[in-house]
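Please look through the notes below with the model open. They follow one part of the fold, point by point.

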Amino acid sequence: MLNRNHVAGCVSPIRVLVADDHPPVRELLVALLREDARIAIVAEARDGEEAVDLALQTRPDVIVMDVSMPRLNGLEATKRIAARLPETLVIGFSTHENAETAPLMLAAGASAYLTKGQSGDLIETILRLSDL
């Protein structure tokens, strides 16, 4: 469960970083997430290195992390983020539907794994993990 501030009965939005190396996919994810007032996009990363750097700068509640990215893949980026920001939840997000990818992402420190075909479940997953 995330520890977000409660002020006068209001819950602050869930702060989300989106990391995906394909601009159209990243833009779609950001647009989808911005439709929900309970979610605030705090940063967008184009690769794993940038995801780690931006996570350390912005300290998001949740990161939507593509598995296959240049410079540093999502598995290694997730390991680094989990080690430095254990309170940040990572959702592995990939086109890979093979049986090996999800367990690898979860072992790296992700809290959940979705394929890009399940993008319609992304908001529900963020809210469930955030315990709203």
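Which unit do β6, α4 and β7 make?

1. β6, α4 and β7 form a β-α-β unit, and it is right-handed. Right-handed means that, with the strands pointing away from the viewer, the path from the first strand over the helix to the second runs clockwise. Helices (H or I, at least four residues) and strands (E, at least two) are DSSP runs, numbered from the N terminus.

2. This is a predicted model: local features need pLDDT of at least 70, side-chain atom pairs count only at pLDDT 80 or more, and totals for chains, interfaces and linings use all residues. Residues are numbered from 1 along each chain as its sequence is written, and side-chain values use heavy atoms, with hydrogens and water left out.

3. Strand β6 (residues 89–94) has six of its six residues buried, so it is largely enclosed by the rest of the structure. Buried means under 20% relative accessible area, exposed over 50%, partly exposed in between (1.4 Å probe, protein chains only). Leu-89, Ile-91 and Phe-93 point one way; Val-90, Gly-92 and Ser-94 point the other.

4. β6 runs parallel to strand β5 (residues 62–66), joined by five bridges. Two strands pair if DSSP finds at least two bridges between them. Met-65 has Gly-92 of β6 as its bridge partner. From β5 the chain crosses through α3 to β6, a right-handed β-α-β crossover.

5. Strand β7 (residues 112–115) also pairs with β6 in the parallel sense, over four bridges. Ala-112 of β7 is the bridge partner of Ile-91.
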